[in-house]
Amino acid sequence: MTNVLAKELLDRLNAPQATTPDGLPAEPWLTLDLSAVPTAGVDVSVFERSTASAPIVIGVLDDAPTRAAVSLMRACTVTLSTRPRPEPQVVTVGDLAVALDRLTSAIQAHPVAAISLGRLLRLQARLPVQDALVAESAHYSFLLAGTEFATWLAGRGDRRSQETADPVEVTLEQGVLRITLSRPARRNAFNAAMREALCDALAAAAGDPTLRVEISGRGPDFCAGGDLDEFGTSRDPAVAHLLRTTRSAGLALDRVARRTTAFLHGNCIGAGIEVPAFAGRVVARPDARIRLPELSMGLVPGAGGTVSLTRRIGRWRTAWLALTGETLSPSTALDWGLIDEVRP
């Protein structure tokens, strides 16, 4: 771990870095002790420009931050603190050393996906939703062709199954279009058929501005994430990218977000939180378990999570969730603004 002060960090960011045989940074993160940042004399604009193309920058905060430190937090990938802070750049942890170890271990295990995620989050925070989704899909597509994903896929084996039932149920009653994810035997795993049916239902809602929309899941989970049986089945990542951006459930939901409520319960993993986070209102049961697992597969979120979550909780807390794969409780999700209500 490299622990440096703000002024020294600028030199480190601009200095030649030790690299692996593949040309990647040998240590693809830097830690910044924000408690040691002086009250003045730090050029934040220079720092932000320097970190724009840097590896992961982790802020560490042991004490109340100075005004300069608060500004520097915005340029970090994420900042960790043992003290609760209101800023969306800060994640509160019980033990800084344990949290840092978890974070850096995940980055070291999948450096390509981790660095790609950090740069993607910086980029798309400045983009409108549709353009940000295109950027996410492009990153996801090239990672599908990468070694980290290939290694995960090779270790998983072939577990494909066949289904004929409709993956989504749609009913209309008294001006409410109810959309229910309905693959309970597979914990509502998000597959291509579900994406298509969801896009069709949301298109119908978009065509009638008088309708309210409610989205829920049948069975023990709202959605346990992308259907792993379909991972790696696309022969052409470029074609897959075009399909994801043409038929995006997240974009379709964003178009009717103001009149949509998503009801979450059980596992809300990957797509199971990325898609409903686009809804204007998200209600979760106390048993909801929220997680972004894609980095462990050598990927970034690919169902819109780098767009929907960042617009609710900021890119810094999104980075923490995506880099660590940590499970987020409904109470913390409510405190952060990822959900709007916890209801039995």
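Visitor: How many helices and strands does the chain have?

Guide: The chain has 14 helices and 13 strands, where helices (H or I, at least four residues) and strands (E, at least two) are DSSP runs numbered from the N terminus. This is a predicted model, in which local features need pLDDT of at least 70 and side-chain atom pairs count only at pLDDT 80 or more, while totals for chains, interfaces and linings use all residues. Residues are numbered from 1 along each chain as its sequence is written, and side-chain values use heavy atoms, with hydrogens and water left out.

Visitor: What share of the 344 residues is buried?

Guide: Buried means under 20% relative accessible area, exposed over 50%, and partly exposed in between (1.4 Å probe, protein chains only); by that reading, buried residues make up 52% of the 344 residues in the chain.

Visitor: Which residues touch the most other members of the largest nonpolar core?

Guide: A nonpolar core is a set of buried Ala, Val, Leu, Ile, Met, Phe, Trp, Tyr and Cys residues joined through side-chain atoms within 4.5 Å. Here the largest has 80 residues, and L80, I179, L202, L264, W320 and L338 touch the most other members. Leaving aside residues up to four places away in sequence, L202 touches I179, V213, I215, A249, A252, L253 and V256, a contact being heavy atoms within 4.5 Å. Another core, of eleven residues, lies apart from it and includes L32, L61, A68 and A69.

Visitor: Why do the buried residues of α4 line one face of the helix?

Guide: An α-helix has 3.6 residues a turn, so residues three or four places apart point the same way. In α4 the buried residues are L96, A99, L100, L103, T104, A106 and I107; seen down the helix axis they fall within an arc of 155°, so they line one face, the arc being that of the directions from the axis to the C-beta atoms. The face turned away from this buried side carries the exposed residues A97 and V98, whereas the cover over the buried residues includes β2 (29-33), β3 (56-61), β4 (78-81), α5 (111-124) and α13 (310-324).

Visitor: Where does α13 bend?

Guide: The bend at a residue is the angle between axes fitted to the seven residues ending there and the seven starting there, and α13 bends by about 75° at W316. The expected span of a helix is 1.5 Å times one less than its number of residues; α13 has 15 residues, yet its end C-alpha atoms are only 16 Å apart, short of the 21 Å that a straight helix would reach. Since 14 of its 15 residues are buried, α13 is largely enclosed by the rest of the structure.
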